[in-house]
Amino acid sequence: MADSAAAPAQRADEASLWGALATAGDAGAFCRAWLALQCERTPGARSGLVLLETADNQFAPAAIWPPAIADATPLRGAAEKALTEAQAVIEPMAGHPDVTVIAYPVSGGDRVHGAVVLSVAGTHPQLRQTLLRELHWGVGWLVSMAWQHQAGAHGRSAAAATVALDAIAAMHEEESLEGAAVALCNSLALDLVAERASLGLTEKGAIKLAAMSHGAWSYKRSDLAEHIEAVMDEAQDQAASLTWPIPDGDTGIHLQQQRLAAVTGHAAIAAIPVTDRGLPVGVIVLERGVDGPAFSDDELLMAEAVAGLAGPALARMKREERLVSGRIRAKTVTAGQALLGPRRPLAKTLVIGALILLVLLLLPIARFRVSADAVLEGRVQRAAAVPFSGFIARSYTRAGDMVKEGQLLATLDDRDLRIDQARSQSSVDQLDRHYREALAKHARADMSLYGAQLNQASADLRLAEYKLSRTRITAPISGVLVSGDVSQLVGTPVQEGQVLFEVAPAEDFRVVLQADEGDIPFLKPGQKGRFAPTGLGGDTVPFTVTKLTSVTAAQDGRNTFRVEAELAGDASAALRPGMEGVAKVDVGHHGLLWIWTRSLRNWMRLFFWKWLP
C-alpha cells in the first residue's frame, strides 16, 4: 500500500457525500459514497475497503478509500478473517504498529455478504469501542443494499430496501429501546399498509409485547396482547416467518395465527422472527383488517429485511437498557481497560490515590477522642458568709486576689452594734444596782424580778459583743478568691448567711467535663486526656478521668453528664479556678470514617429503632 499510513490531505465535504449516497445509481457508487462518508466520520481513519459477494459467490472489492490507494493487501488479511469467522476482527497493521485495522462482517440473516475494513491511527481501547459501534450502525446500509440485490436477483421489487432504510432511520432517531420499538412499529405499519404492527422482545426464553404501532398501549395487558404474544411464540419456536391465510406449500403450524384472526377478525397476519447472529431477539407481527389483502412475498421480504437490520440494533439496545449486565457492565469493562491498559496514567493515579485514601479511612490508625466543654474548679472551696444582717462598711479585696488564711476581706458597719452594746451595758449596771438593793432589804419578790431582768440584759450585752467581734470578715483558708467583689456594695444591706466571698486553694484543681450523653459509654475512670483553657491560647494540660457522676445538665438543647478529672503533674502557674475551655479524652484507635460518621450512625440507629416495628 503506497503510503497507506498517511491521512488524506483534503477530505470531501460531508454534505456532498450524503448527496452522493442518496443519488447512487448502482451498488458500486453506493459503496464508494458510503465508505467515503464512513471514513469521513471516523476519527483517525487512514484507509478503507469494502468487500462484497459477487454473482459467482466470490468476494471482490466494491470500494476503496482513498481512491489513490494502489495496493489494499494490508487490509485483505483482516477482511478474510472477518468473512471466515463472521465476527469483528481487530489487529495491528503489519509494519505499522501504531495503526489498527478493524474488519466488520456485512451479514444479514444467516449469510455473510461481505466485509468492511478500516485502518485507523491509534490503538486506544476506548477508540476501538467507538469505532465498532459506528461500524455496527453503518454496516446496516450495506446490509440493506444486499437485501435489495437479493430481491432483484429473485425478480422482486427493490422497495424492500427502501422500507428497511426507512424503518432503521426511524429507529436511529430514538435513544431509548422503547422509543425505537414504537418507531419501528409505526414505520412498518405505514410502509406495509398494516392496520397494526406489534413488536415482542425475548426475555429469558419468553416473548413480552414491547410496542404497538400508533401508541396502541391500551391493549398491552389485555387478552388481545396475550393472543399476539402467542403468535410471536409460535413463530419463534419454528424459527420461520408465518403468514395467514396459509400460503400454498407452507407446512408450518399456524394455530395461534388462526385464533388471533378469529378474535380480531383480521384477514391477514404475518409473524417475522427478529434475530441477531442467529440468536432470537424478538418477533414482529403485522395485521390487516377484514378488507385487507394477504401479505405478498414482496411484502414479506420487506418485513424480513427490516427484521434483519433491526435485530442487531434491538439486541444492542436491550443490553444497554439492562442496569447490571448492560450499562454497569459496560462502564466496568471500560474502567478496567483504562486502569489495566498501557495508557491513562492520570486515571491510574487517581484510582491508586482513592484506594490509599480508602485504606486510611478504614484502618484503625486514628486516635478517637471524646470532646466536651470543661471548666477548672478548685478541689476545695470555702465560703465567707455574712454572720448577721447589717450593712457593708468597707471592702479590702475582690475576686482574683490571692489571700492568706485570716486575712481581712471586708468589714460590716458596727455603729448600731456599739449603741446596742452601750444600751445593754447601761441596763445591766442599772438592774445590778436594783438587784443589790433588793438583796439588802431581803425583798425576795424584787430580787427575783430584778434577777431575771439582769440575766436578759446580760444576754443582750453578750450578743452585742459577739456581733461586734464578727464584723470583720476574714479568709477561711489561703488561696485565691474565685468569687466576690463587694467594693460596689459598700453601704448596702446584706442578709445573714449571704455568701460574699469564695476561696479556693491556688494549686489544687480539678477539671469538670460536661460530656454528651452519647459519649458516656466510651468514658471510664483512668483514661487520659488534655484540657485546653481558653485563656492559655491553645496550651493544654494533661489530666486523668477519676469519676463519672449521675449529675446531669441541659446545655444547648442536649443532655450532658458531669465527669470529674484530676490534673496530672504540676499545674501551670497561669491556671486559675473558673477557667473554661475544651477537654478531649483519649478513648482508643479507630478508622477515620468510623469516627466521622459516628454521630450519623447513632442518629440513624435511633431513628430506625423508633419507626421500625
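The questions and answers below go through a predicted model of one protein chain.

User: What kind of model is this, and how are its residues numbered?
Analyst: The model is predicted: local features need pLDDT of at least 70, side-chain atom pairs count only at pLDDT 80 or more, and totals for chains, interfaces and linings use all residues. Side-chain values use heavy atoms, with hydrogens and water left out, and residues are numbered from 1 along each chain as its sequence is written.

User: How many helices and strands are there in the chain?
Analyst: Helices (H or I, at least four residues) and strands (E, at least two) are DSSP runs, numbered from the N terminus. By that count the chain has 15 helices and 24 strands.

User: What percentage of the residues in the chain is buried?
Analyst: Buried means under 20% relative accessible area, exposed means over 50%, and partly exposed is in between (1.4 Å probe, protein chains only). The chain has 613 residues, and the buried part is 39%.

User: Which residues does leucine 314 contact, leaving aside its neighbours within four places in sequence?
Analyst: Contact means heavy atoms within 4.5 Å. With those neighbours left aside, the contacts of leucine 314 are Met171, Leu177, Leu184, Leu199, Leu201, Val274 and Val281.

User: Which side chain of opposite charge is nearest to glutamate 229?
Analyst: Glutamate 229 sits in helix α7 (residues 223–238). A salt bridge is a side-chain nitrogen of Lys or Arg within 4 Å of a carboxyl oxygen of Asp or Glu; for charge, Lys and Arg count as positive and Asp and Glu as negative, while His and the chain ends are not counted. A polar atom of the glutamate 229 side chain lies 2.9 Å from the backbone nitrogen of leucine 209. Glutamate 229 is buried and has no salt bridge, and at 5.2 Å the nearest side chain of opposite charge is lysine 208.

User: How far apart are the end C-alpha atoms of helix α13?
Analyst: The expected span of a helix is 1.5 Å times one less than its number of residues. Helix α13 (residues 444–469) has 26 residues and should therefore span 38 Å, which agrees with the distance between its end C-alpha atoms, 37 Å.

User: Which helix is among the elements that cover the buried residues of α13?
Analyst: The buried residues of α13 include Met447, Leu454, Leu461 and Leu468. Among what covers the buried residues of α13 is α12 (415–440).

User: Is leucine 513 buried or exposed?
Analyst: Leucine 513 is found in strand β20 (residues 509–516). Not counting residues up to four places away in sequence, leucine 513 touches residues including Ala372, Phe543, Phe561 and Val585. Its relative accessible area is 1%, so leucine 513 is buried.

User: What is omega for the cis peptide bond that joins tryptophan 65 and proline 66?
Analyst: Most peptide bonds are trans. Proline 66 is found in the loop between β2 (59–65) and α3 (73–85). The bond joining tryptophan 65 and proline 66 is cis, with omega about -5°.

User: What is phi of valine 193?
Analyst: Most residues other than glycine have a negative phi. Valine 193 is found in the loop between α6 and β6. With a relative accessibility of 62%, valine 193 counts as exposed. Although valine 193 is not a glycine, its phi is positive, about 50°.

User: How many residues apart are aspartate 586 and arginine 367?
Analyst: A search of the whole structure finds 12 salt bridges. One of them pairs aspartate 586 with arginine 367, the closest N and O atoms being 3.5 Å apart. This pair links distant parts of the chain, strand β24 (residues 580–590) and strand β11 (residues 366–378), with a separation in residues of 219.

Definitions and conventions: Polar contact = N/O pair within 3.5 Å; in protein donor to acceptor, adjacent residues only side chain to side chain.
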